[in-house]
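I opened this model to look up strand pairing, salt bridges and surface patches. My entries follow in the order in which I made them.

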Amino acid sequence: MLKQGKMIILSGSSGSGKTTISNFLLSTIPSLQFSISCTTRPIRPCEIHKKDYFFLSNNEFINKINNHHFIEWEEVYPKLFYGTLKQEILRIWNSNYHVLFDVDVKGAINLKTKYPHNSLSIFLMVNSIKILENRLINRNSENYYKIYIRLKKAKIEYNLSKFFDIVLMNLDLFITKQKIFKIVSNFLFN
Ligand code: 5GP
């Protein structure tokens with residue numbers, strides 16, 4: 001029978017520092033493995049297919065929906081689809097690792113609902129929309145219209161943070177890393 005491991009579900013608005021925190025957790029907690037999602041958004045220059053995401057065409061993504069390959073999927077931005085493969089979770093648990101997800105807020109709530117007992121959901125938050133806007137602009141990977149869409153979504157997401165096990169304010173990266181390391185270690189190993 002399949003061994004069920006644990007799950008860390010990391011979420012928060014775009015620009016909240018999720019990717020940095022996710023990489024930090026993966027490098028400091030060796031028993032965690034990243035769940036590689038599927039997406040239909042174009043690959044960015046710094047990204048690697050099958051490492052950051054499985055980059056799929058719309059048809060490939062729709063086929064996976066129809067064949068029930070996803071545990072959850074969302075149209076995270078208009079016409080851009082993201083989904084978590086059931087197979088990824090099984091692969092990671094079967095190799096005796098715990099799973100780390102970096103998913104949007106709705107995806108996180110869906111995963112938490114499906115695995116209420118062996119998952120910990122964490123919402124990373126920045127204290128103002130202005131800070132979020134600066135972080136997104138500094139990241140320099142989106143044009144202004146896309147930033148506007150992401151900020152609008154961020155406001156909606158703040159209202160959903162109450163459904164998370166933990167809400168963590170990411171003001172100082174060093175402090176956030178210390179806090180999250182403790183929270184995640186406690187959940188996985190106690
Ligand atoms: P990005 O395009 O910046 O890599 O990601 C955009 C958003 O999609 C982020 O909030 C990220 O957490 C979310 N995301 C990535 N993979 C998944 C997934 O499998 N499911 C859901 N629901 N959201 C995802």
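**Entry 1: the parallel sheet**

I began with strand 8 (residues 119–125) and strand 9, which run parallel and are joined by four bridges. I take helices (H or I, at least four residues) and strands (E, at least two) as DSSP runs, numbered from the N terminus. Two strands count as paired if DSSP finds at least two bridges between them. The model is predicted, and I kept to its limits: local features need pLDDT of at least 70 and side-chain atom pairs pLDDT 80 or more, while totals for chains, interfaces and linings use all residues. Residues are numbered from 1 along each chain as its sequence is written, and side-chain values use heavy atoms, with hydrogens and water left out.

I looked up Phe123 and found its bridge partner in strand 9 to be Val167. The open sheet has five strands in the order 2-7-1-8-9, with parallel pairing. Strand 2 (32–34) and strand 9 (166–169) are its edge strands, each pairing on one side only. Neighbouring strands of this sheet are turned by 25° against each other on average, direction ignored; the axes are lines fitted to C-alpha atoms, for helices over the stretch in contact, and angles run from 0 to 180 degrees between N-to-C directions.

I then checked Ser119, which is in strand 8. Ser119 counts as buried because its relative accessibility is 2%; buried means under 20% relative accessible area, exposed over 50%, and partly exposed in between (1.4 Å probe, protein chains only). A polar atom of the Ser119 side chain lies 2.6 Å from the backbone oxygen of Tyr115.

I found an open sheet of four strands with the order 4-3-6-5 and mixed pairing. Strand 4 (53–55) and strand 5 (70–77) each have a single partner strand, so one side of each is left without a neighbour in the sheet. The twist averages 25° from one strand to the next. Strand 3 (residues 37–39) and strand 6 (residues 80–85) run antiparallel and are joined by two bridges. I noted Gly83 in strand 6 as the bridge partner of Cys38.

**Entry 2: salt bridges**

How many salt bridges does a search of the whole structure find? I got four, counting a side-chain nitrogen of Lys or Arg within 4 Å of a carboxyl oxygen of Asp or Glu.

Lys18 and Asp102 meet at 3.5 Å, N to O. This pair links distant parts of the chain, with Lys18 in helix 1 (residues 18–28) and Asp102 in strand 7 (residues 98–102), 84 residues apart. Both Lys18 and Asp102 are buried.

Glu47 and Arg41 form a salt bridge with closest N and O atoms 2.7 Å apart. Glu47 counts as buried at 14% relative accessibility, and Arg41 counts as buried at 7%.

Arg91 and Glu88 meet at 2.9 Å, N to O. They are separated by about one helical turn because they are three residues apart in helix 3 (residues 86–94). Arg91 is partly exposed at 33% relative accessibility, whereas Glu88 is buried at 5%.

**Entry 3: a nonpolar patch**

I looked up the patch of about 480 Å² made by Ile137, Tyr144, Tyr145 and Tyr148. Its largest share, three residues, comes from helix 6 (residues 144–158). Tyr148 is found in helix 6 and is partly exposed, with a relative accessible area of 45%. Patches take residues with over 30% relative accessible area and no salt bridge, joining like charges within 9 Å and nonpolar side chains (Val, Leu, Ile, Met, Phe, Trp, Tyr) within 5 Å.

Notes:
Areas by Shrake-Rupley, 256 points an atom, 1.4 Å probe, with all protein chains shown as cover. Polar contact = N/O pair within 3.5 Å; in protein donor to acceptor, adjacent residues only side chain to side chain.
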